Amino acid sequence: MPTPTSCGDHTRPTTVTWLRERPHGNDRIIHQLTPTESALLLIPMAVFAGVLAPIAGRVLDRVDPRLLLVPGLLLSAISIFWYSALMHPDTPIWMFLLPSALMGIAQAGMWGPLATTATRNLQPRQAGAGSGIYNTTRTIGSVLGSAAIAALMQGRLEANLPGAAEAGGDFAAGQLPDMVVGGFSDAMAQTMLLPGIVLLVGVVAVLFTQRPAHLGER
């Protein structure tokens, strides 16, 4: 199994877990959206990914997978940095639809191509073991990524909101005191930089992905 592809795949669980929770969790708390309203911000991502993924799958069999993987991971990183730049109390809600759409386009060139490329060149007798190793690396990436994000989030909250624990406010109801809204947004925006950087590492990793054997024969 191509090791660079596995390294690139480590970036996916970290990024997607963070993307689905933090930007829209920030919207719920800072902009006082309901969970349903916050979830609707993901519609552009779902639509673009659903429309483009089958097209990417058909193209993948005819081209070097790096032609899909590099733009997909790079656009994912750009969308994460875009989310980070937008995470401020005065940002209009509709603007979060734009990086959501870009992330949907990026995922069409990321999910399927990574999974296919990771085991494509294996012999049939090695396919089972290769698939198991591949899924193990994904699980490890999820665990390490979640731990890293949680630690960074805690650190940025402490740095941006010193003494916030004594500030009061109904946190259980998703309401923050006005005095901590800005610091909370800054902490979430700064934490968003981590998955963006990890995705850039993934871009470098997939550059070393092996060319599919069936393309090398042409």
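The following conversation concerns a predicted model of one protein chain.

Visitor: What should I know about the model before we start?
Guide: It is a predicted model, in which local features need pLDDT of at least 70 and side-chain atom pairs count only at pLDDT 80 or more, while totals for chains, interfaces and linings use all residues. Residues are numbered from 1 along each chain as its sequence is written, and side-chain values use heavy atoms, with hydrogens and water left out.

Visitor: How many helices and strands does the chain have?
Guide: The chain has 10 helices and 0 strands. Helices (H or I, at least four residues) and strands (E, at least two) are DSSP runs, numbered from the N terminus.

Visitor: And what percentage of the residues is buried?
Guide: Of the 218 residues in the chain, 42% are buried. Buried means under 20% relative accessible area, exposed means over 50%, and partly exposed lies in between (1.4 Å probe, protein chains only).

Visitor: Which residues have the most contacts inside the largest nonpolar core?
Guide: They are L73, M87, F96, M188, L199 and V206, in a core of 27 residues. A nonpolar core is a set of buried Ala, Val, Leu, Ile, Met, Phe, Trp, Tyr and Cys residues joined through side-chain atoms within 4.5 Å.

Visitor: Turning to helix 7, how far apart are its end C-alpha atoms?
Guide: They are 48 Å apart, which agrees with the 50 Å that its 34 residues should span at 1.5 Å a residue. The expected span is 1.5 Å times one less than the number of residues. Within helix 7, the buried residues include G130, Y134, T137, G141, G145, I149 and M153.

Visitor: What about helix 9, which residues are buried there?
Guide: P195, G196, L199, G202, V203, A205 and V206 are buried in helix 9. They lie on the same side of helix 9, because they cover an arc of only 165° around the axis. The arc is that of the directions from the helix axis to the C-beta atoms.

Visitor: Is R156 buried or partly exposed?
Guide: R156 counts as partly exposed, at 28% relative accessibility. R156 is in helix 7. Leaving aside neighbours within four places in sequence, R156 is in contact (heavy atoms within 4.5 Å) with A187, Q190 and T191. The C-alpha atoms of R156 and T191 are 7.1 Å apart, although the two are 35 residues apart in sequence.

Visitor: And what does A187 touch?
Guide: With neighbours within four places in sequence again left out, A187 is in contact with R156, L157 and N160. A187 belongs to helix 8 and is buried, with a relative accessible area of 0%.

Visitor: Changing topic, which side chains meet in a salt bridge?
Guide: Those of D64 and R66 do, at 2.7 Å from N to O. The structure holds 1 salt bridge, meaning a side-chain nitrogen of Lys or Arg within 4 Å of a carboxyl oxygen of Asp or Glu. D64 counts as buried at 13% relative accessibility, whereas R66 is partly exposed at 26%.

Visitor: Lastly, what does the side chain of T117 reach?
Guide: The side chain of T117 reaches the backbone oxygen of P113 at 2.6 Å. T117 is found in helix 6 (residues 111-119) and is buried, with a relative accessible area of 3%.

Key
A polar contact is a pair of N or O atoms within 3.5 Å; within protein, one must be able to donate a hydrogen and the other to accept it, and residues adjacent in sequence count only if both atoms are side-chain atoms.
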